[in-house]
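Welcome, and thanks for taking a look at this chain. Please keep the sequence and the 3D view side by side as you read.

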Amino acid sequence: MVSFDPIVWVPRIAPASLFIQLGTQDSWFTKADGESLIAAANEPKELVWYDTGHGLGAKACDDRIAWLTRLLGRP
């Protein structure tokens, strides 16, 4: 499964911006997994935690759109 492990690939994303959104109640991707992933990523990077499970919800969707809007400089 190494070829599908994000920790293997995340250091190679830079110089592209990375926006990681995770749920504190996610049983598939734990807080430790998230902290390891953000530590492995190069700048620019941002990690946002939501008090949700794996599905994240509407707030995460809104935040994702806002992040993309800032990144792309367009409304």
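The chain exposes about 5200 Å², and carbon and sulfur atoms supply 62% of that area; accessible areas come from the Shrake-Rupley method with a 1.4 Å probe, and for residues only the protein chains shown count as cover. A word on the ground rules: this is a predicted model, in which local features need pLDDT of at least 70 and side-chain atom pairs count only at pLDDT 80 or more, while totals for chains, interfaces and linings use all residues. Residues are numbered from 1 along each chain as its sequence is written, and side-chain values use heavy atoms, with hydrogens and water left out.

**Overall layout**

Three helices and two strands make up the elements of the chain, and from the N terminus on they run α-β-α-β-α. Helices (H or I, at least four residues) and strands (E, at least two) are DSSP runs, numbered from the N terminus. The C-alpha trace spans about 40 × 30 × 20 Å along its principal axes. Of the 75 residues, 24% count as buried, where buried means under 20% relative accessible area, exposed over 50%, and partly exposed in between (1.4 Å probe, protein chains only).

Contact here means heavy atoms within 4.5 Å. Among the contacts with a separation of 6 or more, 66% come from residues 24 or more positions apart.

As for charge, the chain carries 7 positive and 9 negative side chains, and the centres of the two sets lie 8 Å apart. Lys and Arg count as positive and Asp and Glu as negative, with His and the chain ends not counted; the place of a charge is NZ of Lys, CZ of Arg, CG of Asp or CD of Glu.

**The nonpolar cores**

Which residues form the largest nonpolar core? It has seven residues: Val10, Leu18, Ile20, Leu22, Leu37, Ile38 and Ala41. A nonpolar core is a set of buried Ala, Val, Leu, Ile, Met, Phe, Trp, Tyr and Cys residues joined through side-chain atoms within 4.5 Å. Leaving aside neighbours within four places in sequence, Val10 is in contact with Leu18, Leu37, Ala40 and Ala41. There is also a second, separate core of six residues, which includes Val48, Tyr50, Leu56 and Trp67.

Gly34, Leu37 and Ile38 are the buried residues to look at in α2. They cover an arc of only 95 degrees around the axis, so they lie on the same side of α2; the arc is that of the directions from the helix axis to the C-beta atoms. In general, an α-helix has 3.6 residues a turn, so residues three or four places apart point the same way. On the other side of α2, Ala32 and Ala39 are exposed. The cover over the buried residues of α2 includes α1 (6-9), β1 and β2 (45-50).

**Four residues side by side**

Here are some individual positions and their computed accessibilities.

| Residue | Relative accessibility | Class |
|---|---|---|
| Leu56 | 15% | buried |
| Asp63 | 19% | buried |
| Glu35 | 36% | partly exposed |
| Pro6 | 38% | partly exposed |

Asp63 sits in helix α3 (residues 58-72). Not counting residues up to four places away in sequence, Asp63 touches Phe19, Gln21, Val48 and Tyr50.

Pro6 belongs to helix α1, and beyond residues up to four places away in sequence it touches Phe29 and Leu37.

Glu35 is part of helix α2. Its contacts, again not counting residues up to four places away in sequence, are with Leu47 and Trp49. Glu35 and Pro6 are 29 residues apart in sequence and 12 Å apart in space, C-alpha to C-alpha.

**Backbone details worth a click**

Where do cis peptide bonds occur? One joins Ala14 and Pro15, with omega about 15 degrees, and Pro15 lies in the loop between α1 and β1. Another joins Glu43 and Pro44, with omega about -5 degrees; Pro44 lies in the loop between α2 and β2.

Leu56, in the loop between β2 and α3, has a positive phi of about 65 degrees although it is not a glycine.
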